[in-house]
Amino acid sequence: MLLLQWGLVFFTLDCNEIRIDAWAAEYKKITANEIKEQEKIDEKDRIFNQDISGKWPKWIRNPLATEESPKTVTHSQSSKNHTIEIFNKKAELNVIWRPTGKGYLITITIINKTQQKEESSIRTEDCLFQVGFRCSLVNGSIREYQGSDKLAFDEEEEELALQYKKKATFAVGHGCAPFWSEDIKYIQTSSLPTSEVKPVTNNINNEKAISLKFLSDESIDADILRNKLNAFTEDYRVWFKKISKEDVQSDLKKAKERILARVNKAHKRMLKGITEITTNPEVKQAFAIMNNVMMRQMIHTTEKEFVSLRNRDEIDYNTIRPSYDDKKFEMFKWRPFQLGFLLVAIESLVNPNSEDRDVVDLIWFPTGGGKTEAYLGLAAFELIYRRLKFGQKGAGTSVIKRYTLRLLTAQQFQRASTLISCLELIRKEREALLGETSFTLGLFVGENTSPNKFNSENDKFLGAYQKYKALLNEERPKNEFALLQCPLCGTKIVPDKKTEDEKDYGIVVTQSTFSFFCPTSSCDLHQSIPVTVVDDDIFRKPPSFIIGTIDKFARLAWDSQAKNLFGGDENRPPSLIIQDELHLISGPLGTITGVYEAAIETVIISNSKEKIKPKYIAATATIRRANEQVKKLYGRTVDIFPPPGLSSDDSYFARTNYDALGRLYIGIMNQGHTQDTSLVRLSAALSQSVLECQLSEEAKDTWWTQIIYHNSRRELGKSMTKSKDDIPKRVRIITSDEKNRRKLANVEELSGSRPAFEIPQVLSKLEKKFNDDAIDILPCTNMISVGVDVSRLGLMLIFGQPKTTSEYIQASSRVGRSDKYPPGIVVTLYSPYKPRDRSHYENFNAYHKKLYRAVEPTSVTPFAYPSRIRSLHAALVIVMRHAAGLGGDDKAQDFKPLMPETKEIIKTLEERMCMAEPEEEVAIKEHIKDLVKEWVKKTETAEGEKYKPLYYDGGRQYKKLLSRYDQRNPEGWSTLNSMRNIDLEAIIKVTGGK
């Protein structure tokens with residue numbers, strides 16, 4: 001039987017008769033005689049005609065029925081299951097009624113009757129094209145289709161059911177994607193389903209309260225400030241009262257109560273923040289300076305004259321230096337949710353005894369909504385407040401911000417460098433207030449992204465000095481030091497071409513020092529940029545603000561110098577920890593992270609004289625069961641902000657804007673072709689359409705760069721080849737005019753296989769417009785799914801449904817991020833041979849209407865036995881090295897677990913771990929007890945044995961406490977160097993006959 005049968009199934013109530021309108025077409029090959037006949041006829045009367053190149057078509061379309069003039073069949077329930085021949089008996093229409101409860105499940109399918117001969121290819125003449133049908137009820141009603149999501153009902157599922165109650169599913173497809181009218185009067189099939197995901201709006205009327213310029217005025221009377229901020233929160237309270245009065249069905253009333261309780265708590269916490277700001281002079285001043293810093297940061301990261309890359313002394317910075325008092329900068333405002341978040345978090349940040357200190361405040365907002373500015377604002381506030389409150393003691397590392405992917409880290413690092421530079425310039429202006437110690441930023445990442453040592457001749461990982469010397473000799477210098485441009489004026493840190501003048505290179509490196517400066521002599525950062533990217537420099541002069549990849553913190557067990565990051569006699573320990581993209585801290589990475597996190601928090605608490613816990617902030621756009629994940633990672637409860645309301649369309653701070661254009665999702669599932677063939681044809685069509693369609697210059701630029709997302713590197717490699725060969729060849733075939741053909745000459749790859757220094761360069765190329773050598777096609781992996789924020793990008797082809805909905809949302813949200821550009825278009829190419837792809841295609845509309853509901857819960861089990869075996873000993877080592885005074889390599893021998901201070905630290909570690917997984921309490925304590933005994937035993941020398949002191953990591957003359965995780969026959973505890981590579985390779989030997 002030829003492909004394909006397709007149809008749909010839906011549920012009706014009180015219905016006994018339906019009407020089906022069907023349509024389809026066939027294609028017939030044009031013969032030479034038919035062409036001769038057409039040549040005799042006047043052009044305007046011909047059935048078919050020549051194209052612009054003079055060629056006659058090979059096929060002609062013959063409609064069997066059209067959507068405007070369909071084949072109509074009426075079918076009654078009394079007929080039960082029935083088969084009707086349609087389309088000149090080329091197909092049959094099957095209708096099945098299945099009694100279900102008080103109604104019927106009705107399944108309608110169209111089947112191509114043509115028999116395919118064995119071992120022969122499919123003949124085009126035997127296929128049906130553009131098939132579709134619409135089903136409407138003569139009487140009764142179409143009701144919600146009960147899917148599998150109704151089967152598992154925990155509290156979160158109840159709340160989601162309430163929030164998405166207006167977005168019900170009414171049909172499921174079989175080989176096609178159904179959609180339905182808004183009034184649910186009919187259901188129709190689609191082979192090219194589309195769904196528009198509308199953007200959110202968060203506009204409010206209280207302009208003063210969100211004005212950075214207004215809030216940065218330190219002279220504002222506290223009462224005036226209080227009134228403005230109270231007015232900001234009053235609208236939230238009114239909204240809360242309004243939704244409290246909404247009626248819900250009885251089985252969802254408890255869900256409503258839980259939702260309202262969280263909204264009410266958020267409102268009360270905002271009021272507490274306002275009280276703290278307006279009654280505590282130091283908090284008020286820190287809040288005002290923070291707003292000033294954030295305004296400056298936004299100016300230098302958004303205004304074109306500061307963002308554009310330029311060469312040394314290309315401009316005189318004095319001519320563009322902004323006057324921050326200028327009224328034109330009143331345009332910079334907080335998004336309402338950003339200010340709301342700051343008000344919620346500030347009280348628990350400045351008050352170590354706050355009842356919300358142990359709460360992880362999670363910013364949950366759609367991608368591109370401004371989460372980064374929200375937590376950067378809070379970080380700036382804490383950096384300033386510590387200086388005002390504690391003076392010199394408030395210096396040192398104050399804020400640690402972690403990411404999971406190096407791409408995300410690199411992008412956010414550039415933004416944070418602008419923030420810290422603006423903050424440092426303010427410190428210089430107000431040294432008497434903010435102290436003599438500079439505000440600085442450190443990048444704490446792996447050796448693939450930036451050099452970790454000042455001086456190293458290791459061929460695999462050269463030191464900063466060696467890389468700098470090599471850089472000076474390169475004809476096309478490669479910047480391997482992460483910072484690409486001056487955070488203030490945009491001058492390139494490294495020139496495009498080799499020069500003999502070292503002042504063109506904004507880096508100064510010796511065998512024992514490292515620093516950046518802006519090559520432009522008039523820039524305010526010409527003497528020094530307050531940023532470092534070398535571990536040796538970070539440990540020597542702990543930066544105020546550290547940005548790092550989370551897996552890097554496994555190095556704490558190995559590096560004795562890292563103790564400097566956690567305070568001591570001179571400085572207080574870090575007080576704010578920020579985790580972005582929380583949803584990525586899951587699976588094996590999240591599991592291992594949970595153990596190291598307990599150690600880091602124990603170190604911070606132990607190094608604080610007042611035993612103060614750090615404040616945790618997290619952010620994500622996609623998460624489920626956050627309370628369980630946060631509990632196991634941080635041993636704390638979580639407050640989501642903004643808390644969702646009773647409808648998924650309205651949380652006050654984020655309301656679906658149905659009047660605006662949204663991101664358009666399109667689904668395609670090929671029939672009768674391989675996935676590779678379909679990819680080539682689809683990609684070529686998308687590329688060429690930008691020139692074939694009549695588009696504005698802005699639209700052409702938005703849809704010019706085509707991102708092709710892949711779920712594996714293997715698929716990516718094939719697409720790179722196709723993008724340079726098969727796709728351009730296909731474009732040549734389908735173009736209407738050779739003069740108008742896309743050349744597709746600029747193809748770039750974005751994946752983990754690229755060297756770290758090349759990734760920022762690719763991101764920079766993505767900023768280029770279509771008439772400025774823009775990238776044509778960008779095959780990529782999930783590396784693009786977080787951290788890429790390029791406003792002009794508007795077109796993505798997703799090759800196969802991503803493994804998780806979270807990944808799908810994150811990846812597709814890279815396009816259409818700015819309302820200043822035309823909306824984004826996302827085309828997903830599904831495989832008919834993969835059940836999961838097919839399921840997503842057949843539920844396309846329902847899935848996209850409830851996209852955030854479909855996010856899968858994350859899973860972490862940090863204190864399960866396999867995880868403890870890999871990492872619990874490392875946690876013990878970390879707290880001993882960085883909190884108990886056993887830092888140096890030779891201090892492993894001095895481990896004395898019975899000393900009061902050591903006992904207290906171990907007890908703190910135990911308690912913190914048991915808070916995360918109480919059910920593992922006995923196992924955790926026993927395991928730590930065993931590790932302590934084992935460590936003590938390693939410090940002892942058996943009778944008759946030569947004395948060797950115990951080192952954490954030493955030469956052959958020492959006993960080792962730690963060994964590399966991938967080392968065979970390890971002498972010490974096998975210890976991770978990174979949290980990513982947590983499984984050893986297995987050696988398999990295959991034996992057998994010839």
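Select Phe-87. Is this residue buried or exposed? Its relative accessible area is 4%, and the cut-off for buried is under 20%, so Phe-87 is buried. This is a predicted model, so read each stop as a feature of a prediction. Phe-87 lies in the loop between strand S5 (82–86) and strand S6 (91–100). Check the backbone too: phi is positive, about 55°, although Phe-87 is not a glycine.

Jump to Leu-744 for another positive phi. Here phi is about 55°, and Leu-744 is not a glycine. Look for this residue in the loop between helix H21 (726–734) and H22. Leu-744 has 5% relative accessibility, so it counts as buried.

One more backbone stop: select Phe-641 and Pro-642. The peptide bond from Phe-641 to Pro-642 is cis, with omega near -10°. Pro-642 sits in the loop between strand S24 (638–641) and strand S25 (655–656).

**Aromatic rings**

Ring pairs join Phe-641 into a cluster with Phe-232, Tyr-236, Trp-239, Phe-341, Tyr-652 and Phe-653. How many aromatic pairs are there by the ring-centre rule? The count is 29. Start with Phe-337 and Phe-365: their rings are stacked, 3.9 Å centre to centre, with 10° between the planes. This pair links distant parts of the chain, 28 residues apart. Phe-337 belongs to helix H10 (residues 336–350). Phe-365 is in the loop between strand S15 (360–364) and helix H11 (371–390). Both Phe-337 and Phe-365 are buried.

Next, show Trp-704 and Phe-770. Why is this pair called tilted? The ring centres are 5.4 Å apart and the planes stand at 45°. Planes under 30 degrees apart would count as stacked and over 60 as edge-to-face, so the pair of Trp-704 and Phe-770 is tilted.

**Charges over rings**

The charged end of Arg-742 sits over the Trp-704 ring, 3.8 Å from its centre.

Now move to Trp-558. Arg-964 lies over the face of this ring, at 3.8 Å from the ring centre. From Arg-964, step to Arg-555. Leaving aside residues up to four places away in sequence, Arg-555 touches Arg-964 and Asn-977. Arg-555 is in the loop between strand S21 (545–549) and strand S22 (576–579). Is Arg-555 buried or exposed? Its relative accessible area is 19%. The cut-off for buried is under 20%, so Arg-555 counts as buried.

Switch to cartoon view and select strand S2 (residues 17–29). Which strands pair with it?

- Strand S4 (residues 71–76) pairs with S2 in the antiparallel sense, over six bridges. Pick Ile-20: its bridge partner in S4 is Val-73.
- Strand S8 (residues 129–137) runs antiparallel to S2, joined by seven bridges. Pick Ala-25: its bridge partner in S8 is Phe-129.
- Strand S3 (residues 59–65) is antiparallel to S2 as well, with six bridges. Ala-25 stands opposite Pro-63 in S3.

Center on Ala-25 to see both neighbours: Phe-129 in S8 and Pro-63 in S3.

**Cavities**

The structure holds three cavities of 30 Å³ or more. Go to the second largest cavity, with a volume of about 50 Å³. Select its lining: Phe-214, Leu-215, Asp-217, Ile-220, Leu-225, Lys-284, Phe-287 and Ala-288. Helix H4 (212–215) and helix H7 (281–302) are the elements that give two or more residues to this lining. Which element gives the largest share of the lining of the second largest cavity? That is H7, with three residues.

How values were computed: Residues numbered from 1 in each chain as written. Predicted model: local features only at pLDDT ≥ 70, side-chain atom pairs only at ≥ 80, totals over all residues. Heavy atoms only, no water. Phe/Tyr/Trp six-rings, centres within 6.5 Å; stacked < 30°, edge-to-face > 60°. Helix = DSSP H or I, 4+ residues; strand = E, 2+ residues; numbered from the N terminus. Buried < 20%, exposed > 50% of the residue type's maximum accessible area, 1.4 Å probe, protein only. Lys NZ or Arg CZ within 6 Å of the ring centre and 35° of its normal. Contact = heavy atoms within 4.5 Å. Pairing = 2+ DSSP bridges. 1 Å grid on protein atoms, 1.4 Å probe; cavity = no way out; pocket = protein on both sides within 12 Å on 5 of 7 lines; lining within 4 Å. Points joined across faces, edges and corners; volume = space filled by probe spheres on them.
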